[in-house]
Amino acid sequence: MAQQKVNPYVIALTVMLATFMEVLDTSVANVALPHIAGSLSVTVTDSTWVLTSYLAANAIVLPITGWLSQKIGRKRYFIGSIVLFTISSALCGLSFDFYFLLVARAIQGFAGGGLQPVSQAILMESFPEKKRGMAMSIFSIGVIFAPILGPVIGGWLTDQYSWRWVFYINVPVGILATILTMILVEDPPYARANSKLKIDYLALSFIFIGIASLQIMLDQGQNKDWFNSNLIVILALFAFFFISMFIIKNAFSKEPIIKFKLFKDVNYSIGVFLMFMTGFVLYSSLALLPILVQTLMGYDALKAGYVIAPGGVASLMIAPIIGKLSNKVNIKVLVGAGILLVAYSLHLMSEFNLTASFDVFAWARIIMGFGLPAMFIPINLVAYKFLKKEDMGDASGVINFARNIGGSIGISFAATMLQRREVFHRDALVQNFSQSSVIFQNFLDSTRQYLVTHGFSFADSYHAAIDLMNNLLLAQSAIMGYQDVFHLIIYFTLPLFFVILFIRTKQTKDKRVTL
């Protein structure tokens with residue numbers, strides 16, 4: 001195969017350069033939203049569409065990447081995606097109008113959607129089977145570390161320069177990735193353009209509308225109070241109808257856009273499900289912690305990024321080790337160890353309180369940073385273990401889509417449950433704020449005495465004390481809400497132990513897969 005003429009590690013660095021850039025953009029703009037809102041004269045709530053437009057366009061492309069690669073030719077599609085991503089990044093930075101920015105972000109998401117699956121397929125082909133663990137360790141560094149590093153880079157660029165540099169930074173990286181890909185990467189015969197492949201415009205329209213509706217619903221559901229909003233109800237109906245129509249149309253197509261036959265492979269089906277849950281756990285916990293430390297602990301955006309960063313460093317350290325062990329240790333053992341580490345880190349997070357130090361937050365993230373690659377790398381190896389090389393492009397598109405949509409559902413779940421548990425605890429705690437409560441009266445009196453000794457008049461001290469106690473009530477109900485959500489995520493993590501029991505490790509000569 002042509003790619004073997006070049007050192008596979010060089011190819012790995014080449015394709016991961018583009019993927020790292022694309023995954024980084026899923027989170028790098030988060031901390032810049034208030035600055036974007038102020039600069040383009042919109043509300044902070046409206047500015048969240050900068051994230052939604054990117055993620056929705058990204059989600060549309062992911063599952064059909066394999067088909068697009070066949071139609072256009074994989075290398076041509078990969079280079080085209082990088083070029084379009086780079087140009088749209090520059091347009092995002094140059095945006096003079098909010099709606100222009102949204103269009104540029106949608107183009108950026110559409111172009112970037114194919115980078116992850118194609119780079120993963122190239123990596124799996126470039127390395128021999130015994131070294132695919134190392135290939136996946138390289139891929140995991142980009143996919144796991146990039147969204148963790150995003151807020152740190154975004155915060156620094158925004159504070160030091162401007163929010164526009166969050167997008168401009170992609171331009172030199174994109175140019176370098178394009179040049180290296182043109183020189184180093186070649187298509188094997190089965191990955192070249194198939195001009196005879198017919199375009200099913202109806203099926204494409206179904207999947208475009210369905211997935212876009214689903215992604216927008218997940219991203220905006222919490223802001224719109226879910227199904228109390230007509231918009232969310234309409235989006236849910238659109239998502240259900242059009243995705244269902246696509247599944248039916250695709251299932252009976254002679255040239256399907258997504259190859260459902262791949263799900264006959266038990267390992268691939270398990271891998272897709274486990275990757276969905278990995279995305280759910282990673283992104284739900286990743287979304288909560290920065291908000292917690294900024295709203296309750298007084299951290300700024302950059303320091304909040306520093307809380308997340310140690311987990312990324314841990315992943316960088318452990319990923320190559322997991323890559324080597326994956327060929328020597330039973331895959332089930334590695335995934336099981338990863339599940340335990342992730343569950344333990346979530347347990348530590350469920351015990352966060354208002355007196356927790358920076359080290360406490362960072363340590364929990366470090367434990368998760370060790371656990372995620374132990375799940376991510378073996379799960380990918382399991383999914384691709386018995387697939388043909390020519391099917392890897394289609395397979396990688398779906399498995400990356402599963403991770404991303406799992407992440408979107410995880411973020412929506414975490415945000416919704418956090419709000420509801422905060423309300424629950426606030427209602428429970430406020431019952432103790434009554435004139436008949438001896439504890440309340442004693443606390444009120446001692447607070448007033450403290451305020452009087454610090455310059456308040458006795459009359460003013462009452463209202464000031466009530467305000468302080470109300471703020472304490474809100475802070476305590478909030479931290480208890482965070483504790484509950486982290487605890488709930490554990491319940492989605494531990495049952496995965498039962499799923500890994502069905503992973504197949506051997507294949508008989510007649511192609512039947514056995515335990």
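Predicted model: local features only at pLDDT ≥ 70, side-chain atom pairs only at ≥ 80, totals over all residues.

User: How many residues does helix α8 have, and how far does α8 reach?

Analyst: Helices are DSSP runs (H or I, at least four residues), numbered from the N terminus. The expected span is 1.5 Å times one less than the number of residues. Helix α8 covers residues 115–126, 12 residues in total. From first C-alpha to last, α8 reaches 16 Å, close to the expected 16 Å.

User: How many residues of α8 are buried?

Analyst: Buried means under 20% relative accessible area; exposed is over 50%, and partly exposed lies in between (1.4 Å probe, protein chains only). In α8, 12 of 12 residues are buried. Among them are Gln-116, Ser-119 and Glu-125.

User: Where is Ala-59, and which residues does Ala-59 touch?

Analyst: Ala-59 sits in helix α4, residues 49–61. Ala-59 counts as buried because its relative accessible area is 4%. Contact means heavy atoms within 4.5 Å. Not counting residues up to four places away in sequence, Ala-59 touches Ile-211, Gln-215 and Phe-401.

User: Which residues have the most contacts inside the largest nonpolar core?

Analyst: A nonpolar core is a set of buried Ala, Val, Leu, Ile, Met, Phe, Trp, Tyr and Cys residues joined through side-chain atoms within 4.5 Å. The largest has 120 residues, and Leu-292, Leu-346, Phe-352 and Phe-361 have the most contacts inside it. Helix α14 (residues 266–295) gives the most to this core, 15 residues. A second, separate core of 22 residues includes Val-23 and Cys-92.

User: How many salt bridges does a search of the whole structure find?

Analyst: Side chains of opposite charge can pair when their charged atoms come close. The criterion is a side-chain nitrogen of Lys or Arg within 4 Å of a carboxyl oxygen of Asp or Glu. The search finds two. Glu-186 and Lys-75 meet at 3.5 Å, N to O. This pair links distant parts of the chain, 111 residues apart. Asp-484 pairs with Arg-421, with the closest N and O atoms 2.9 Å apart. Asp-484 lies in helix α20 and Arg-421 in helix α18 (residues 392–430), so the pair ties together parts 63 residues apart in sequence.

Key. Residues numbered from 1 in each chain as written. Heavy atoms only, no water. Helix = DSSP H or I, 4+ residues; strand = E, 2+ residues; numbered from the N terminus.
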